[in-house]
Amino acid sequence: MSGRSENDVVRGEPVLRVSSLVKRFGTFTAVDDVSFALPPGGSLGIVGESGSGKTTTARILAGLEEPTSGTVVLDGEPVDGRSRRARRRQARRLQMIFQDPYGSFDPRQTIARSIAEPMRLHAPGPAAARRARVGELLDQVGLSARAGESLPRDLSGGQRQRAAIARALGIEPRVLVLDEAVAALDVSIQAQVLTLLDDLRRSTGVSYVFVGHDLAVVRHITDTVIVMRHGRIVEQGDTERILRGPEHPYTRLLLDSIPGPGWDPGRVARDRRALDAS
Amino acid sequence: MLAKKDAPDGTRRAAAVPDTVLDVSGLGLTIGAGARAVPLLADVTVRVAPGETVGLVGESGSGKSLTARAALGMTPRGARATGKIAVAGVDVLTAGRADLRELRRTRVSMVFQDPRASLNPVRRIGDYLTEGLRAGGVPARDAAARALDLLGQVGIRDPRGALRRYPHEFSGGMLQRVVIAGALSTEPALLLADEPTTALDVTTQAEVIALLKTLQSAHGTGILFVTHDLDLAAAICDRIYVMYAGRIVEEAAGTTLFEAPAHPYTRALLEASPSVHGDKVAIRAIEGRPKPLAEAPDGCAFRDRCPLADDACAAEVPALRAHTVRTDTVRTGAGSRVACVRPEEATP
């Protein structure tokens, strides 16, 4: 299910390269010297708790925040400039999906119209071709034509998240940034969306930056991972290697915090206090 | 692992105190009347013994929160309840408002997902922690001392200063600890915990759970733990009820449920959940979406999504019946019950 980036894709330039990213809000440093690279067709996880800087990092990638220093190179071109044109160029190649798909749809527009909107903006062409493409996209994410004619409020959370994915894929971006994109979904629906994301990566070669707190989900959906704490990367590398043999005490703490057979919450609480004190 | 039958001091309580702190039997809940009636819950039976932690798990719309709230007499406006709910010996469905208030003040507490929803933002933490005690007749000075002690117990730094602070000055995790301290300050017989750690970071969740278990064992509180997180339920619960479409579909000890799920829905849920433990295995998605009782098909509500379903499943709603589990690792399935016509096919 993973590893295809290593086998099928020619390992060339990374589609996304982030170097020495820093973001300060006043005196508070939210992101502190973060660097990573994402190969075409790869999937990178960013994990951490609230305040770790993972969401700020994702927002910088999507152009929603400007870094204090450091660079983001997307598809060979540095991302900078806050002009409309620069942001549009960036959006063409990188799309973001949020936790709550409800907030990202115009409540008065049908799902099909919302999916067509970015295509109209980024790749103007005949309306008929666009309609056909919307039909394809709906089909690709497992939504019926009827769902396409519905308003956002008439769809379930899982259906709305599928629609958000369809909309993001419409302009064929190189990178999808998924910020806690399955966190609000029921387990059975979450599995459907994860399976869909797996299939789409395989069939389209799109790359993922998957931001999340759930290590089990991150294990399933990513090849590599960075673990963030207080704005800094504490561990980074192959997802399976890190989850099976964590080297940093914080990564171990995160893993020990996950309930399972023989879980000892008291010990986790003590380890956490020890780590906070050090 | 199972319920402690004796009180901590080894003496049996008098007959006036039954051996369940929560006894929900055959609970049905319907909104509206006549042709417009919408069923929400059907034939829900849930029991919690003193000192026992019982999980109520399910996806959205399964009715798990409705069941927990009904136990406190909180039903949706216009809803009609049938069946029986007894909390610490009080019949909740027939009790008057004064009796219910007395019950909530002294015998049952509830903790919700968002601690900020339980706290008045313009009142100090000290007021919140002492009001229940003072209403119970504890003098102000003693109540303040007690609150200070509670804050210390739940690991709040500078408890004296914390008493004078407002909710917005605390993080979500700290505040949830304060709420749990308050909920258990009256040493209730029953605590209803509805997704109390869902909004917290994982390391904070572990701290809050550790606290909950410590306070529980000190007071012998029975806990009904409502959650969507199967792993969490299995790790902390003595017994688990699985709900689907407003009904209980399986009841088993936490470990049994995991190693030998008897209902196809339970099994499907486990197979759909990615895990960090053991070798990486593919997840298997369940077709369709979870439905509320009113939209569920006749007969077994899960049959439209169940890989094992056939015509027999449409005939009638399968009754919850005793089920013995035999696998290599699980020796006893005593007390396990499942609402499926062919549970032996679901168990791996």
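Student: What makes the interface here, and how many residues of chain B are in contact with how many of chain A?

Tutor: This is a predicted model, and in it 30 residues of chain B are in contact with 34 residues of chain A. A pair is counted when the two C-beta atoms, placed from the backbone, lie within 7 Å.

Student: Which helices of chain B each supply at least two residues of the side that touches chain A?

Tutor: Those are α8 (202–219), α9 (230–236) and α11 (264–272) of chain B. The one that gives the most is α8(B), with 7 residues. By class, this side of chain B has 16 nonpolar, 7 polar and 7 charged residues.

Student: Why is chain B called as compact as a globular protein of its length?

Tutor: Set the value against the rule. The globule rule gives 20 Å for 348 residues, and the radius of gyration of chain B is 21 Å, close to that, so chain B is as compact as a globular protein of that length. The chain has 12 helices and 12 strands, and its C-alpha trace spans about 65 × 50 × 45 Å along the principal axes. Of its 348 residues, 48% count as buried. Take the contacts between residues at least 6 apart in sequence: 65% of them join residues at least 24 apart.

Student: What makes up the largest nonpolar core, and which residues have the most contacts inside it?

Tutor: This core has 179 residues, and A:V209 and B:L224 have the most contacts inside it. The element that gives the most to this core is helix α7 (residues 172–185) of chain B, with 8 residues. Leaving out residues up to four places away in sequence, A:V209 touches A:L38, A:L44, A:I46, A:A58, A:L61, A:V175 and A:V177.

Student: How do you know that the buried residues of helix α11(A) are on the same side?

Tutor: First, which they are: A:Y250, A:T251, A:L253 and A:L254 are buried in helix α11 (residues 249–256) of chain A. They cover an arc of only 160° around the axis, which puts them on the same side of α11(A). What covers them includes α9 (215–221), β9 (224–229), β10 (232–238), α10 (239–244) and α12 (265–277) of chain A, together with α8 of chain B.

Student: What makes β6 and β11 of chain B stand at the edges of their sheet?

Tutor: The order is β6-β7-β8-β3-β9-β10-β12-β11 (chain B), 8 strands in an open sheet with mixed pairing. β6 (108–111) and β11 (321–322) each have a single partner strand, so one side of each is left without a neighbour in the sheet.

Student: How do you know that β7(B) and β8(B) pair?

Tutor: The test is at least two bridges. Strand β7 (residues 190–194) and strand β8 (residues 222–227) of chain B have 5, in the parallel sense. One bridge pair is B:A193 with B:F225 in β8(B).

Student: Why are β2 and β5 called the edge strands in chain A?

Tutor: The open sheet has 4 strands in the order β2-β1-β4-β5 (chain A), with antiparallel pairing. β2 and β5 (77–78) of chain A each pair on one side only.

Student: What joins β1(A) to β2(A)?

Tutor: Strand β1 (residues 16–25) and strand β2 (residues 28–38) of chain A run antiparallel, joined by 8 bridges; A:K23, for one, has A:V31 in β2(A) as its bridge partner. The two strands form a hairpin with 2 residues between them, and A:G26 in the turn has a positive phi of about 60°. β1(A) is also joined to strand β4 (residues 69–74) of chain A by 5 bridges, again antiparallel. There, A:V73 in β4(A) is the bridge partner of A:R17.

How values were computed:
Residues are numbered from 1 along each chain as its sequence is written. Chains are lettered from A and ligands numbered from 1 in the order in which they are written. This is a predicted model: local features need pLDDT of at least 70, side-chain atom pairs count only at pLDDT 80 or more; totals for chains, interfaces and linings use all residues. A nonpolar core is a set of buried Ala, Val, Leu, Ile, Met, Phe, Trp, Tyr and Cys residues joined through C-beta atoms within 7 Å. A residue is buried if 20 or more other C-beta atoms lie within 10 Å of its own, exposed if 12 or fewer, and partly exposed in between; C-beta atoms are placed from the backbone. Ala, Val, Leu, Ile, Met, Phe, Trp, Tyr, Cys and Pro count as nonpolar, Asp, Glu, Lys and Arg as charged, and the others, Gly among them, as polar. The radius of gyration is taken over C-alpha atoms; the globule rule is 2.2 Å times the number of residues to the power 0.38. The arc is that of the directions from the helix axis to the C-beta atoms.
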